[in-house]
Amino acid sequence: MASLPFSTVARLPLPGDNVAIATRRLERGAEIATEQGAFALDATVLEGHRFAIEPIAAGKQLLSWQMPFGTATVGIQPGQYVCNDGMLEALAGRAVQMDLPATPNFESEIPPFVLDANSFQPGEPVPVKPVPDTFMAYPRTGGRGSGTRNVILLLGTSSLTGGFVRALEAKLQADADALDNVDAIVAVAHTEGAVPDPNNLELVLRTLAGFVIHSNTAAVLAVDHGTEPVNNRALAAWMDHKGYPIDHVKHEFLSLSGTFEEELDRAADTVRNWYPELVQTQRIARPVSELKLALQCGGSDSFSGISGNPLAAWVAREIIRNGGGANLAETDELIGAEPYICNNVRDLATAREFLSTVEAFKARAARHGHSAEGNPSGGNKFRGLYNIFLKSIGAAMKRDPDVRLEHVLAYGQLMQEPGFCFMDSPGNDLESIAGQVASGCNIIFFVTGNGSITNFPFVPTVKIVTTTERFNLLQGDMDINAGQYLDGTPMDDLGRNLYARTLAVAGGERTVGEKAGHSQVQLWRDWALDSDDQAMVPPAPIQPGKAIQVVNGRGDLDFAFPGIRRGDRVLPRDMNLIVPTSLCSGQIAALAVRRLSNVLGAAGNFATVVHHEGCGVSSGTSEELYARTLAGYVRHPQVRHCLLMEHGCEKTHNDFMRHVLEDSGVETDNLGWASVQLDGGIAPVLSKVEDWFRSRLESEPALSPETGSLEQLRIALGHAGSLADSERTVLAELATTVAAHGGLVVVPSSAEWLSLIPEAADAEPTLAYAQQATEHGLHLMDCPTVHWVETLSGLGATGPDLILVLATGHPVQGHPFIPTVEFGLGPNASPDLDLSLDPNLPVSEQVARILSVAEEVLSGSRRVRALQTGNIDFQITRGPTGISL
């Protein structure tokens, strides 16, 4: 076998490194020729993975970019595949066609970085051009800078109004397409602000305030109910106290009080009244000093630090030379890169502030029983980033060596001075980007190795992919091919081209993501502990128990619904479900459902469950909750055909979910599997999904119709708001009635009214969160949090035909595909509820009326209000120990 020249098959990030990165898959036994001699590989080495190029003694450090990322546990010879436990575990969970090394040869241990104050030397600033370049932008007043886009924001102040602003966005979509000089009308919906006393309160308010005054915000309508922990009053007061220039933004704070449709009309009228003024806004030439660049990476690989991140850094340096700013974030993705960051800093105080921010992040993770080592995803490890140190070293290359760190910012803190800054944030891409946007970034560079398709709704996202092979696979969804550097194009040439492209995008040229029309927002999610003297004790696992058998409540009750027979079950309907395995594939799953409903809607019902989990989050209990929830929906009795869609680089990829499902007894060969990245991007994966469902629906015979009874019924029962005694009585009677007639009832174990049911008064949970219920009777599901949508999503995973909710105030969000019947008692019950009960009626009659509405919904003669209005939501809990990483 002929020797392979090193330069054709591998890269050395910097001279002095003792391991190299394979630029393509290299088979076992391949001989590599270097200037120091030739050696053979002891194992097949995947693209992006590392092998030793010189002897490394046990106890010595492994180096990339001349920085340590691990310590050899045994002697490592040239040609040996370097691997640790985490990488071997990640590859074992993937369908890789190769023999893995039997044991690791290094561990992820390096000495902690210590800043030497005596030898510290301040960095020199980048010289600023006397006359900056210009770009075409929307000028703003009040110190808001210049906008790269002119967008109307529909802001859900808390998660409780997310469904409303999404429905409003849909109502105004045709307007947005027709308006001159208005680039978009976008809903900003998120998961935060609805739970009392959140630890992330300051972060949420700061982020929302940053959105409101952002240079891309032409006008903003902020929507609340007025009773949430984070509401319009709180937001307005915070902005006033902090001096945010809200008077320089056309805005209105709207608190919902009428019906959903009435409020949609009122909100739409408010926004439409702004049109005549907003369409007059024109782009003019503005200096590049008004560009603020967000530097992000996601789905990173070993080449991110060699091609994509240095290319982004080249342009960031050029923007700073023109008086602009750049923002580096993702705190836990700089752990291990402290030596590089601190070798060029404005002053000692800034270096210390950076290091203390990193230490505070590590301490928060430790209090919850985690470490930043949980950050690298399965996709990162699959593509050669074995641990947090390798990931961080590559991520740090988004700062050019000539550019010094000028400022350290809190999450979402405004960038009020030019230069290069670091902003505290988790490594979760969407959560980090939201903070950068809130800080004022008006253009985003998103560097990706695997091919992440993330976009932000009102700031253009330029996606930079690290290798030519991955760019060719996903060129319909990527903007820039940084892999040309690996192919021989000089970095300066690529940098000049990207800088020109950046000014064009800032001036209105649409990115690939903007043309695709999908985007996501997520704020830094709340966490359980906020005090340094606290430590999380993980909760004991729930021991599932038998259903509670209720005997009281029997009697004559006429209840029937038209259904279909599947096995031993009579079901009111069947669904075709797409389950996204992470936050980044959720929007693509939603696009697929819209497409399937248009082309195959006559053959079946289609749904998905879009969520914000699966990547950038801790492992352990939170990952178990996540996996159990998704498995519950895959196994849901109403789901006829199910396809799982991965993004491709997440922790919880398709192979991960395949193992979870097989361990729970699911026959995975009957499921569909799709990958946004590996199937070639959005357009190819949508075609693949359509073909899979079409083949299933065309080949399967129709199910036999059959009438169902109360005995076959499965319901989940919950409440939202503070309860009066009469309401507690109705809930207890309803649960007792269905369970006593042989039905299956699932109730949150924290429900205060369970004390009215003797059999359940002192009972322990019979189900873990999202655990599928099988035995009929009364079940109590453990609820780790009080977040309504998290409770709703867990209840749905237990397998109900219907969800019944007593809402004491405004309606709450319904489930995406399980009909959610909302009812209330008394004259003050919201007209948006499905049923308003007379509290003077006997309790038995109130229960009968609820079940009568349930019959109508199950029969299809009545559609629940939540689905009519689009006031639906879905979110998986992280439990008490889960945090963003």
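Select Cys 421 and show its sulfur: the closest cysteine sulfur, in Cys 441, is 6.7 Å away, too far for a bond, since a disulfide is a pair of cysteine sulfur atoms within 2.5 Å. Cys 421 is buried at 2% relative accessibility; buried means under 20% relative accessible area, exposed over 50%, and partly exposed in between, with a 1.4 Å probe and protein chains only. The model is predicted, so local features need pLDDT of at least 70 and side-chain atom pairs count only at pLDDT 80 or more, while totals for chains, interfaces and linings use all residues. Residues are numbered from 1 along each chain as its sequence is written, and side-chain values use heavy atoms, with hydrogens and water left out.

Next, go to Cys 342. Its sulfur lies 15 Å from the closest cysteine sulfur, which belongs to Cys 421, and that is too far for a bond. Cys 342 is also buried, at 8% relative accessibility. By the distance rule, the count of disulfides comes to 0.

Now select residues 201-212 and 232-242, which are helices α5 and α6. Helices (H or I, at least four residues) and strands (E, at least two) are DSSP runs, numbered from the N terminus. The two helices pack at an angle of about 80 degrees, and their axes are 10 Å apart. Axes are lines fitted to C-alpha atoms, for helices over the stretch in contact, and angles run from 0 to 180 degrees between N-to-C directions. α5 and α6 are therefore roughly perpendicular to each other; angles under 35 degrees count as roughly parallel, over 145 as roughly antiparallel, 65 to 115 as roughly perpendicular and the rest as oblique.

Show the side chains at this contact (heavy atoms within 4.5 Å). From α5, display Glu 202, Leu 205, Arg 206, Leu 208, Ala 209 and Val 212; from α6, display Ala 234, Leu 235, Trp 238, Met 239 and Lys 242. Sorted by class, the contact has 8 nonpolar, no polar and 3 charged residues. Here Ala, Val, Leu, Ile, Met, Phe, Trp, Tyr, Cys and Pro count as nonpolar, Asp, Glu, Lys and Arg as charged, and the others, Gly among them, as polar.

Move on to the open sheet of 3 strands, in the order β25-β24-β30 with antiparallel pairing. Two strands pair if DSSP finds at least two bridges between them. Strand β24, residues 560-566, pairs with β25 in the antiparallel sense over 3 bridges. Arg 566 stands opposite Arg 569 in β25.

Two loop residues come next. Trp 65 sits between β7 (61-64) and β8 (67-72), and its phi is near 55 degrees, a positive value in a residue other than glycine. Trp 65 is buried, with a relative accessible area of 7%. Ala 770 is in the loop between β32 (744-748) and β33 (777-781). Phi of Ala 770 is positive, about 70 degrees, although the residue is not a glycine. Ala 770 is buried at 1% relative accessibility.

Finish at Tyr 485, in the loop between β23 (480-481) and α16 (491-506). Is Tyr 485 buried or partly exposed? Tyr 485 is partly exposed, with a relative accessible area of 25%. Leaving aside neighbours within four places in sequence, Tyr 485 is in contact with Arg 11, Ile 306, Ser 307, Pro 490, Met 491 and Leu 494. Its C-alpha atom is separated by 9.1 Å from that of Thr 468, 17 residues apart along the chain.
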